[in-house]
Amino acid sequence: MPVIDFRFRPNTPETITGIATSNMFKAACAAIGFERRKPQPLEDIVAGLAARGVTRCVITGRDSETTYGSPSNNGSVLAFVRAYPELFTGFWGVDPHKGMAAVRELRHAVAELGMRGAAIDPYLAHLRPDEARYYPVYAACCDLGIPVVVTTAPPPQVPGAVMGYTDPRHVDVVARDFPDLRIVMSHGGYPFVNEAIFACLRNANVYMDCSEYELAPMADAYVQAMNTLIPDKVVFASAHPFIEQADALDIYASMPLSAEVREKVMYRNALRVLGETA
């Protein structure tokens, strides 16, 4: 069975160094032992994906320049996609504080650079996802016909970030206001597990991944929901390199999912979000 990983960043030396030394994640990396993550040349990373049966990876960009002073990593996303366009699908990171300049940049990235979606990090922007400054971004996504990935779980020890910025109930509001917008809540809205499940159940346009939290307390509710309430609304994501992709795949292989649900979660639901068919 082919696999699409909906949150993956190649662990090149530049990526590992950039994450470990960033203003946002330096303390978080120390807390989770990120120094154990080993960098690899891009060619070796691609070979590893093939060996694991991963046929596509979504790479989400990040722009938190206004709040943290760190430059956008969208340039690296573009470089990865250009190096392996059949394997990597790029989502452009958006800083909502940049206003219409960010919207114009997103439109250019999709129309001229081949990006396939947008990515936002409300907890890094210090804004709820239903805050008005995001709405021009959502409108542009609808106009362009692209999905948006919304990060909905803050890592530990990120300066200035609070859990309230990631509550799935705010995504529920966005889904109401933009019913044509395909939304993926990344990291399962943890620790708001039931709220995330219900946001997916309530809204035809809301999906989620559970990356990083599949083994956390309350995570059994994710598995139960995949098998019952929302089998069409969960996509596999590893959050590599914060989590090794091989380890994430092992976790999903051990989940008590039916064969039909497993195929949806690991592959077919992602195609739907991307607007594709098998």
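Contact is taken to mean heavy atoms within 4.5 Å. The model is predicted, so local features need pLDDT of at least 70 and side-chain atom pairs count only at pLDDT 80 or more, while totals for chains, interfaces and linings use all residues. Residues are numbered from 1 along each chain as its sequence is written, and side-chain values use heavy atoms, with hydrogens and water left out.

**Exercise 1. Surroundings of Tyr165**

Task: State where Tyr165 lies and which residues it is in contact with, leaving aside its neighbours within four places in sequence.

Solution. 
Step 1. Tyr165 belongs to the loop between strand E5 (148-151) and H9; helices (H or I, at least four residues) and strands (E, at least two) are DSSP runs numbered from the N terminus.
Step 2. With neighbours within four places in sequence set aside, Tyr165 is in contact with Pro122, Tyr123, His126, Leu127, Arg128, Pro129 and Gly160.
Step 3. As a further distance, Tyr165 and Arg37 are 28 Å apart in space, C-alpha to C-alpha, and 128 residues apart in sequence.

**Exercise 2. Packing of H6 and H8**

Task: Determine how the axes of H6 and H8 are arranged and which residues make the contact.

Solution. 
Step 1. The axes of H6 (residues 100-111) and H8 (residues 135-144) cross at roughly 20 degrees and come within 9 Å. Axes are lines fitted to C-alpha atoms, for helices over the stretch in contact, and angles run from 0 to 180 degrees between N-to-C directions.
Step 2. H6 and H8 are therefore roughly parallel to each other, given that angles under 35 degrees count as roughly parallel, over 145 as roughly antiparallel, 65 to 115 as roughly perpendicular and the rest as oblique.
Step 3. The crossing of H6 and H8 is right-handed: a crossing has this hand if the near helix is turned clockwise from the far one by less than a right angle, and is left-handed if anticlockwise.
Step 4. H6 contributes Met100, Val103, Leu106, Arg107 and Val110 to the contact, and H8 contributes Pro136, Val137, Ala140, Cys141, Asp143 and Leu144.
Step 5. These residues comprise 9 nonpolar, no polar and 2 charged, where Ala, Val, Leu, Ile, Met, Phe, Trp, Tyr, Cys and Pro count as nonpolar, Asp, Glu, Lys and Arg as charged, and the others, Gly among them, as polar.

**Exercise 3. Packing of H9 and H10**

Task: Carry out the analysis for H9 and H10.

Solution. 
Step 1. H9 (residues 168-177) and H10 (residues 193-202) have axes that come within 8 Å and cross at roughly 15 degrees.
Step 2. H9 and H10 are therefore roughly parallel to each other, and H9 passes H10 in a right-handed crossing.
Step 3. Pro168, Arg169 and Asp172 of H9 meet Glu195, Ala196, Ala199 and Arg202 of H10.
Step 4. The contact of H9 with H10 divides into 3 nonpolar, no polar and 4 charged residues.

**Exercise 4. Cavity and pockets**

Task: Give the volume and lining of the largest cavity, then describe the largest pocket and the second largest pocket.

Solution. 
Step 1. On a 1 Å grid over the protein atoms alone, a cavity is a set of points where a 1.4 Å probe fits but cannot get out, and a pocket is an open set with protein on both sides within 12 Å along at least five of seven lines; lining residues have an atom within 4 Å of a point. Grid points are joined across faces, edges and corners, and a volume is the space filled by probe spheres set on the points.
Step 2. There is 1 cavity of 30 Å³ or more, and the largest cavity holds about 50 Å³. Its lining consists of Asp63, Ser64, Thr67, Val94, Asp95, Pro96, His97, Asp121, Leu124, Ala125 and Tyr134, divided into 5 nonpolar, 3 polar and 3 charged.
Step 3. The largest pocket has about 590 Å³ of space and 33 lining residues, with Arg9, Thr15, Ile19, Arg62 and Asn73 nearest its centre. H1 gives the largest share of this lining, 4 residues.
Step 4. The second largest pocket has a volume of about 370 Å³. Of its 18 lining residues, Ile32, Glu212, Tyr213, Phe242 and Ile243 lie nearest its centre; the lining divides into 13 nonpolar, 1 polar and 4 charged.

**Exercise 5. Backbone geometry**

Task: Describe the peptide bonds from Tyr190 to Pro191 and between His240 and Pro241, and the phi of Glu212.

Solution. 
Step 1. The bond from Tyr190 to Pro191 is cis, with omega near 10 degrees; Pro191 is in the loop between strand E6 (183-186) and H10.
Step 2. His240 and Pro241 are joined by a cis peptide bond with omega about 10 degrees, and Pro241 is in the loop between helix H11 (220-227) and H12.
Step 3. Glu212, a residue other than glycine, has a positive phi near 80 degrees and is placed in the loop between strand E7 (206-208) and H11.
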